[in-house]
Amino acid sequence: MPNAKIIPIHGDDPIVPRLVADLEPDVMARLMEFWEFVQRRLAGDYSVDDFGFDPEFNDKVLMALVRPLYKSWFRVEASGLENVPDQTGALVVANHSGVIAFDAVMTQLALLDEHPAHRHLRMLGSDLVFQSPFLGEIARKAGHTLACHPDAERLLGDGEIVGVWPEGYKGIGKPFAERYKLQRFGRGGFVAAALRTKTPIIPTAIVGAEETYPMIANATVVARLLGLPYFPITPTFPLLGPLGLIPLPSKWFIHFGEPIHTDQFPENAADDPMLVFDLTDQVREQIQQTLYRLLMQRTSVFG
Amino acid sequence: MGRIVLVTGVSRYLGGQIARILAKDPSIDQVIGVDVIPPKFKLSQMQFVRADIRNPVIAKVLGEAGVDTVVHMGVIATPRQAGGRATMKEINVIGTMQLLAACQRTPSVKALVVKSSASVYGSGPKDPAMFTEEMQPRHTPRSGWAKDSVEVEGFVRGFARRRPDVAVTTLRFANIIGPGIDTAMTTYFSLPVIPTVLGFDARLQFIHEDDGLEFVKRAVLGSYAGTFNVAGSGILMLSQAIRRTGHKRVSLPEFLFMPVGRSISSAGVIDFTTEQLRYLTFGRVLDTSLAQTTFGHTPMYSTPQAFASFLARREVSVA
């Protein structure tokens with residue numbers, strides 16, 4: 001093509017220099033930083049811990065994705081963060097609700113963003129999570145692991161903040177009519193783990209998650225066919241299809257309660273079932289009372 | 001009187017290496033190497049006996065030489081190298097049975113070191129994040145090398161019960177990797193396009209071959225009865241390891257991964273068993289604190305460093 005216009009790569013073209021000049025030095029630095037980040041990730045040059053937790057990926061990618069939900073959609077108000085230690089291990093025990101475990105993710109983000117020491121919450125999930133493609137992979141990268149004694153004790157022993165939702169599927173899969181009524185608290189395994197590692201238990205109450213997906217019925221037949229613990233029917237799902245997956249923008253409160261210390265108990269307290277039951281009840285009662293208090297203070301669901 | 005050590009599986013890489021290391025050690029008088037096929041490389045300073053451990057003739061070798069330590073390195077992971085899965089199983093299971101029967105009859109045997117594998121723990125979604133030695137598998141391996149290893153360990157435990165005077169050391173190795181060794185794993189990471197399971201990212205752990213040999217050597221020279229996990233510190237995610245190789249990655253849904261993996265295996269490109277494919281889906285991590293405190297030795301290479309050492313070999317061979 002003899003008539004093709006020659007486009008100079010360097011020099012004359014005034015647009016490129018102007019664009020670069022227009023950028024604030026701060027923005028340039030951030031762009032460079034981002035580029036380095038991408039390069040390093042693509043080269044596999046980062047480290048993960050023994051659980052598969054990838055702190056960089058979690059903080060810069062996963063948490064960034066859910067932060068708008070935390071700030072603008074649910075407008076989460078976190079309180080009692082002073083009850084969560086800065087350095088040492090602790091067991092955060094909270095109520096579970098809302099069909100999809102957004103409450104767990106919001107609690108994780110509350111501790112990362114609003115706690116002065118920016119603590120990572122390491123949750124204990126069911127084996128169904130780690131069996132599912134993508135979900136299991138992301139859960140590991142976000143620092144979570146299987147709910148079992150060895151893992152709970154290892155994390156607590158390493159001084160991590162561990163999160164448990166003892167109501168499990170009974171909690172998130174319960175009908176709307178039973179909102180804010182705590183379900184049975186598993187077998188109290190989390191209390192035994194805290195006793196063995198002498199770490200404090202922090203009863204945590206979450207208000208707002210119940211109203212994200214008001215579940216009016218559970219299609220048990222569909223659930224059994226899909227191998228799920230429950231299959232929710234809400235006013236919008238499955239009626240509106242994918243649109244029904246959008247959570248209602250309820251206003252959320254997360255309160256980290258007064259810690260229950262476990263270091264005053266004798267060495268083999270974890271093997272005393274009566275003590276474990278009593279402590280489990282105490283944690284459950286404290287969460288239930290905090291839930292009632294937060295609900296009384298709340299002026300409206302979408303406030 | 002010095003020591004007389006018998007090493008099985010000397011014609012294979014690790015067996016040959018450990019036999020050579022032991023032969024150089026001044027506290028050991030004689031090293032007897034045993035294998036069915038003659039070694040491809042020269043085994044200096046040691047006696048090679050071409051014998052099949054599946055045959056009772058091994059008892060004669062043990063008794064006549066007055067062997068005091070048996071190092072069992074003869075458990076095979078790769079069916080193709082052994083000449084098919086049936087032969088591999090026979091060498092692993094029947095061979096170990098015969099070897100242990102011979103050891104039981106030989107009063108001079110005072111120590112037994114067995115190279116086992118972390119694959120005895122199986123691999124699956126119900127696994128704890130890290131396995132300690134006393135944990136039972138949550139997903140018992142049902143095929144291949146992993147199942148053989150489970151059976152071998154069973155025989156070894158039986159032997160330890162019947163001969164309580166013998167110090168039995170079982171070493172459960174994570175995948176051994178490094179500049180010299182060829183395994184299914186090293187072949188996998190050398191594939192130009194590396195298949196993985198869509199939606200899963202396994203946690204992998206490696207032990208450098210030099211560290212692995214060091215632990216076997218220490219087990220022979222010292223006396224550390226028991227079962228130990230041996231792996232380099234830290235882990236690599238499968239996706240991360242692939243990024244470090246610089247190769248392409250192709251993610252296949254689970255229902256395609258197993259058949260594709262198996263057909264690649266049968267085409268002879270790579271020796272993979274179902275258990276290894278499961279490992280590449282769910283991964284597995286060992287708690288190695290017991291071995292480190294008992295042996296007083298920490299592996300020189302961490303898992304990422306061991307992997308880097310394997311990658312460095314590849315770059316040299318390309319250049």
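1. How far apart do the C-alpha centres of domain 1 of chain A and domain 2 of chain A lie? The distance between these two centres is 40 Å, where domain 1 covers 10-45 and domain 2 covers 55-212 + 247-297, with bounds that come from an automatic or database domain assignment.

2. This is a predicted model, in which local features need pLDDT of at least 70 and side-chain atom pairs count only at pLDDT 80 or more, whereas totals for chains, interfaces and linings use all residues. Residues are numbered from 1 along each chain as its sequence is written, while chains are lettered from A and ligands numbered from 1 in the order in which they are written.

3. Between the chains, 21 residues of chain A are in contact with 18 residues of chain B, a contact being two C-beta atoms, placed from the backbone, within 7 Å. On the chain A side, two or more residues each come from helix H5 (127-131), helix H6 (135-141), strand S4 (145-146) and helix H7 (149-157); helices (H or I, at least four residues) and strands (E, at least two) are DSSP runs, numbered from the N terminus. This side of chain A divides into ten nonpolar, five polar and six charged residues, with Ala, Val, Leu, Ile, Met, Phe, Trp, Tyr, Cys and Pro counted as nonpolar, Asp, Glu, Lys and Arg as charged, and the others, Gly among them, as polar.

4. Helix H7(A) also meets H9(A): their axes, which are lines fitted to C-alpha atoms over the stretch in contact, with angles running from 0 to 180 degrees between N-to-C directions, come within 9 Å and cross at roughly 40 degrees. The pair is therefore oblique, since angles under 35 degrees count as roughly parallel, over 145 as roughly antiparallel, 65 to 115 as roughly perpendicular and the rest as oblique. Among the residues that meet are A:His149, A:Ala152 and A:Leu156 in H7(A) and A:Phe190, A:Ala193 and A:Arg196 in H9(A), and the contact has five nonpolar, four polar and two charged residues.

5. Most residues other than glycine have a negative phi, and most peptide bonds are trans. A:Val99, in the loop between strand S2 (90-94) and helix H4 (102-114), has a positive phi of about 65 degrees, and A:Val99 is buried, with 22 other C-beta atoms within 10 Å (buried means 20 or more, exposed 12 or fewer, and partly exposed in between, with C-beta atoms placed from the backbone). A:Tyr180 has a positive phi of about 60 degrees and, with 16 such neighbours inside 10 Å, counts as partly exposed.

6. A cis peptide bond, with omega about 0 degrees, joins A:Phe237 and A:Pro238; A:Pro238 lies in the loop between strand S8 (232-233) and strand S9 (253-256) of chain A.
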